[in-house]
Amino acid sequence: MLRDIRCGKCNRLLARAAGVNQLQIKCSRCRTMNQVTATDRYQSLIVAGEKSSQA
Ligand SMILES: [Zn+2]
């Protein structure tokens, strides 16, 4: 079953995945790096420590 992977920050649809345990995907809109972990449902977590380009 495909599940939507959405950005944890801006909620943009990033991908659809099935059977993935873990992935990292960068949002093309807000450039947030999301780490997605499959539990009961996919959880999109913003990866802390990712350097912002807004320096
Ligand atoms: Zn985003």
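Two residues are in contact here if their C-beta atoms, placed from the backbone, lie within 7 Å. Among contacts in the protein chain between residues at least 6 apart in sequence, 20% join residues at least 24 apart.

The structure is a predicted model, in which local features need pLDDT of at least 70 and side-chain atom pairs count only at pLDDT 80 or more, while totals for chains, interfaces and linings use all residues. Residue numbers start from 1 along each chain, following the sequence as written.

**Confidence**

The predictor's confidence in each residue is given as pLDDT, on a scale from 0 to 100. The average pLDDT of the protein chain is 79, and 69% of the residues score at least 70. Strand β5 (residues 42-46) has the lowest confidence, with a mean of 63, whereas β2 has the highest, at 89.

**Elements and pairing**

Helices (H or I, at least four residues) and strands (E, at least two) are taken as DSSP runs and numbered from the N terminus. By that assignment the protein chain has five strands and zero helices. The order of elements from the N terminus is β-β-β-β-β.

Two strands count as paired if DSSP finds at least two bridges between them. Strand β1 (residues 3-6) pairs with strand β2 (residues 13-17) in the antiparallel sense, over four bridges. In this pair, R6 stands opposite L13 of β2. Strands β3 and β4 also run antiparallel, and five bridges join them. Here Q22 stands opposite T37 in β4, and L23 stands opposite V36 in β4.

**Hairpin loops**

The hairpin of β1 and β2 has six residues between the strands, and N11 takes a positive phi near 70° there. The hairpin of β3 and β4 likewise has six residues between the strands, with R31 at a positive phi near 65°. Neither value belongs to a glycine: N11 is a residue other than glycine, and so is R31.

For burial, a residue is buried if 20 or more other C-beta atoms lie within 10 Å of its own, exposed if 12 or fewer, and partly exposed in between, with C-beta atoms placed from the backbone. N11, in the loop between β1 and β2, is exposed because 12 other C-beta atoms lie within 10 Å. R31, in the loop between β3 (22-26) and β4, is partly exposed because the count within 10 Å is 14 other C-beta atoms. T32 lies in the loop between β3 and β4. T32 is buried, since 20 other C-beta atoms lie within 10 Å.

**Strand β4**

T37 is found in strand β4 (residues 33-38). T37 is exposed because 12 other C-beta atoms lie within 10 Å. A38 is also placed in strand β4. A38 counts as partly exposed because it has 15 C-beta neighbours inside 10 Å. Not counting residues up to four places away in sequence, A38 touches V20 and N21.

**Separations in sequence and in space**

The table lists residue pairs with their C-alpha to C-alpha distances.

| Pair | Apart in sequence | C-alpha to C-alpha |
|---|---|---|
| T37 and L23 | 14 residues | 6.7 Å |
| A38 and L23 | 15 residues | 8.9 Å |
| T32 and C7 | 25 residues | 7.6 Å |

**Core**

Buried residues make up 15% of the 55 residues in the protein chain. A nonpolar core is defined as a set of buried Ala, Val, Leu, Ile, Met, Phe, Trp, Tyr and Cys residues joined through C-beta atoms within 7 Å. The largest such core has five residues, namely I5, C7, L14, C27 and V36. In soluble globular proteins, nonpolar side chains tend to be buried together. Leaving out residues up to four places away in sequence, L14 touches I5, R6, C7, I25, C27 and N34.
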